[in-house]
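Reader: I am new to this structure and would like to be taken through its open spaces, its sheets and its charged pairs, one question at a time.

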Amino acid sequence: MHLLKNNAYINGNWVDANSKQTFPICNPADNSVIAYVPDMNIVDTQLAIDAAAKAFESFSKTTAKERSDLLRKWYNLMVEHCEDLAYILTKENGKSLAESRAEIKYGNSFVEWFAEEARRINGEVLQAPAANRELFLLKQPVGVAALITPWNFPHAMITRKVGAALATGCTCVVKPSEDTPLTALALAELAEQANFPAGIFNVLTTSITNSPAVGKELCKNPKIRILSFTGSTAVGKILYEQCASTVKRLGLELGGNAPFIVFKSADVNMAVNSAMASKFRNTGQTCVSANRFFVETDIFDEFVEKFVEKIKKEIKMGDGSKNDITHGPLIKKSQLDMVNSLVKEAVQKGAKVHCGGNLLPHLGPLFYAPTVLTGVTKDTQIYNKEIFGPIAVINKFNSEEDVLEQANDTPVGLAGYFFSQDTSQIFRVARKLEVGMVGVNEGLISCAEAAFGGIKESGLGREGSKHGVEDFLDIKYVCIGNLQC
């Protein structure tokens, strides 16, 4: 835990809140306090923004090679300290060490990717309509970036945003979730070791009490030129509205309601293995988690039987810091209460519980058993809600047309998954699913090379891939006229 910090990071300094107030960060496995961090408010936020704005004046003029080298140094330190980062992540988030290690590797890959991508941000030379003109397009950094990140992937959601922002020459003010700020502070410590210039990477820690005001300041402050947020659609809409007064650039990665479709031609064992990874990663607390299972009638019973058998055999819940544990607790009591109430209502209305369906208080205060439900009726909340917990609701379907109508009947569209060995069906369904990302015969699809993002109310823009830098760049058109030909 030598990377554990209990101060915020502003303008290259480790600082307390202006008010001197702090708040506790607790381990979800047992509710023990890991550390106390500063509870920063609007005054602290303005200091961080001013520091980033000042740093932008010089950092925006650095060469792509300089920014690439800086990110590469940060990446190398993350790799060197990957086990330290994973341990802190497990302590504050609750996920197993195996999952934390996977997240650290995944998150690191974005810094490596954008270290390389920094040197591929090129402009364009245009064909002029007149012989005495030369036309070209420059790509320049937008300015100060406000980055608001969630608790479910406290490492990867920061690196994916910061890597892209710094690659372009933008400077950053990061507001991590009030539940998981320690990973962000550990990244700041490694940024300091990498000799980041003061002010280009700032981390604000805020309690749930101050978070709305700090978020509003990040939205409304004119020195912030882009806001990138990962979180719920409801909060994203609030931030969208608050950014309107300064017409900020926006990157929004919001909620999902991912369908997981298994056609009768599918390899059932492959589908079950992928369902395990897609549904139960981070105990179901991921925005791209399989949320609505649709299994064709012919193979429905086989799929459910094999899925339940695998859950009972492979999932071992407990304190994530123990090496034999595969899955940890939910993040907080409100999450636990929501999951529990959804299952209770479904059961009261006739749903069948194949496994789970109960709290696990002997393991700790926030544990809920992996659960499989069938026979869930459409009048229940759980039928179409993003569950964000270890609950699989499995429905039958009889035709491709029917299941596509059900899968697309939602205002969000982040990820979707389906399983089929019919080549023509694969191309048809991949095109017709109304989502930004599709996994075909695969339950884990995220990587640095791919464009991550959704359609409809799942957000704006893309993260990762060569498109990940675009939100942080302005295009400037330059026309040079009256040249001597």
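**Pockets, cavities, sheets and a salt bridge**

Reader: What volume does the largest pocket have?

Author: This is a predicted model, in which local features need pLDDT of at least 70 and side-chain atom pairs count only at pLDDT 80 or more, while totals for chains, interfaces and linings use all residues. Residues are numbered from 1 along each chain as its sequence is written, and side-chain values use heavy atoms, with hydrogens and water left out. A pocket is an open set of points on a 1 Å grid over the protein atoms alone, where a 1.4 Å probe fits, with protein on both sides within 12 Å along at least five of seven lines. With points joined across faces, edges and corners, and volume taken as the space filled by probe spheres set on them, the largest pocket comes to about 1200 Å³.

Reader: Which element gives the most residues to the lining of the largest pocket?

Author: The lining (residues with an atom within 4 Å of a point) has 43 residues, and Phe-229, Gly-231, Ser-232, Thr-233 and Val-235 lie nearest the centre of the pocket. Helices (H or I, at least four residues) and strands (E, at least two) are DSSP runs numbered from the N terminus, and α7 (211-220), β10 (224-230), α8 (233-243) and α11 (333-348) each supply at least two lining residues. Among the elements, the one that gives the most, with 6 residues, is α8.

Reader: How many residues in the lining of the largest pocket are charged?

Author: At least three lining residues come from each of domain 1 (8-254 + 458-478) and domain 2 (259-440), with bounds from an automatic or database domain assignment. Ala, Val, Leu, Ile, Met, Phe, Trp, Tyr, Cys and Pro count as nonpolar, Asp, Glu, Lys and Arg as charged, and the others, Gly among them, as polar. By these classes the lining holds 17 nonpolar and 17 polar residues, and the number of charged ones is 9.

Reader: What volume does the second largest cavity have?

Author: A cavity is a set of grid points where the probe fits but cannot get out, and there are 3 cavities of 30 Å³ or more. The largest cavity has a volume of about 100 Å³, and Ser-228, Gly-251, Arg-462, Glu-463 and Asp-471 are the closest to its centre among its 17 lining residues. The second largest cavity, whose lining includes Tyr-106, Arg-160, Arg-281 and Phe-452, has a volume of about 90 Å³.

Reader: How many residues apart in sequence are the parts that Glu-463 and Arg-160 tie together?

Author: A salt bridge is a side-chain nitrogen of Lys or Arg within 4 Å of a carboxyl oxygen of Asp or Glu, and the structure holds 23 of them. In one of these, Glu-463 pairs with Arg-160, the closest N and O atoms being 2.8 Å apart. Glu-463 lies in the loop between β21 (459-460) and β22 and Arg-160 in helix α5 (residues 156-168), so the parts tied together are separated in sequence by 303 residues.

Reader: Which residue in β22 stands opposite Leu-138?

Author: Two strands pair if DSSP finds at least two bridges between them, and an open sheet of 3 strands has the order β5-β6-β22 with antiparallel pairing. Strand β6 (residues 134-141) and β22 pair over 8 bridges, and opposite Leu-138 stands Lys-476.

Reader: Which residue in β15 is the bridge partner of Cys-355?

Author: In another open sheet, 7 strands follow the order β14-β15-β16-β13-β12-β18-β19 with mixed pairing. Strands β14 (352-355) and β19 (437-440) each have a single partner strand, so one side of each is left without a neighbour in the sheet. Strand β14 runs antiparallel to β15 (residues 371-374), joined by 3 bridges, and the bridge partner of Cys-355 is Val-372.
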